[in-house]
Amino acid sequence: MLKIRKSTDRGHLNHGWLDTFHTFSFADYFDPAWTSFGHLRVMNEDVLDPGRGFGMHGHKDMEILTYVLSGALEHQDSLGNGEILRPGEFQRMTAGSGIRHSEFNPSTTEPVHLYQIWLLPKEKGLAPSYEQKPIDLEGRKNQLVLVASPDGGEGSLTIQQNAHVFLSKFDAERSLTIPLEPLHHYWLQVIEGELKINNQQFLAGDGIAMVNEEVLELKSRLPSQILFFNMDA
């Protein structure tokens, strides 16, 4: 079963300094048909103006992943971490028993375009932690690259959930076949470009939920990039 979430159907708010799209219900946006999927709770696409961002605020009991498509994002948190996240890097924050953080665009001229993803953790009250790693996509195009997993395998970030998160960057007119497990939940988010997925056309911002599918057939029409989530039931 494929359930499609088109980019144009997402929740959309433009605050002037923040242009944001919500795949799932978030903050002031609520859609009872789209509150979560599997372990996925939030899939936000944000564009922040230069010099703007989110001041220090708290989270609990959530695995938070951030990926920058263009620009840069400055992170600070109550654990003492202070980093700049740029394209080609992936960030993971375990909110656990409680963490406070801020995220700002440090540029005075360029916006920052990013995805922030929240996954429900396998248990509550975990020790808060932070991790950031570079991801080599250019050297591994047209294949799935593991960026987050329960055991930190293949140099990935370690997340506290039975989920494997992949990135993939495609050249134009390239194909990839992904076999699927019947009892798993899968989510694919197109973050750049245009692809045909199981003979249907998808654009940047589109998402696809999958359960009880045997295979995923991808073909890029343009240079493209996807996020792919494999979640145990």
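Q: Is Glu138 buried or exposed in this structure?
A: This is a predicted model in which local features need pLDDT of at least 70 and side-chain atom pairs count only at pLDDT 80 or more, whereas totals for chains, interfaces and linings use all residues. Residues are numbered from 1 along each chain as its sequence is written, and side-chain values use heavy atoms, with hydrogens and water left out. Buried means under 20% relative accessible area, exposed over 50%, and partly exposed in between (1.4 Å probe, protein chains only). With a relative accessible area of 52%, Glu138 counts as exposed.

Q: Which residue forms a salt bridge with Glu138 at 2.9 Å, and which residues share one network with Glu138?
A: A salt bridge is a side-chain nitrogen of Lys or Arg within 4 Å of a carboxyl oxygen of Asp or Glu. The closest N and O atoms of Glu138 and its partner Lys169 are 2.9 Å apart. Through salt bridges that share partners, Glu138 is joined into one network with Lys141, Lys169 and Asp171.

Q: How many residues apart in sequence are the parts that Arg10 and Glu45 tie together?
A: The side chains of Arg10 and Glu45 meet in a salt bridge, with 2.9 Å from N to O. Because Arg10 lies in the loop between E1 and E2 while Glu45 lies in strand E4 (residues 40-48), the pair ties together parts whose separation in sequence is 35 residues. Strands (E, at least two residues) and helices (H or I, at least four) are DSSP runs numbered from the N terminus, and the separation is again 35 residues.

Q: What is the relative accessible area of Asp206?
A: Asp206 forms a salt bridge with Lys6, the closest N and O atoms being 2.9 Å apart. Lys6 is partly exposed at 29% relative accessibility, whereas Asp206 is buried, with a relative accessible area of 2%.
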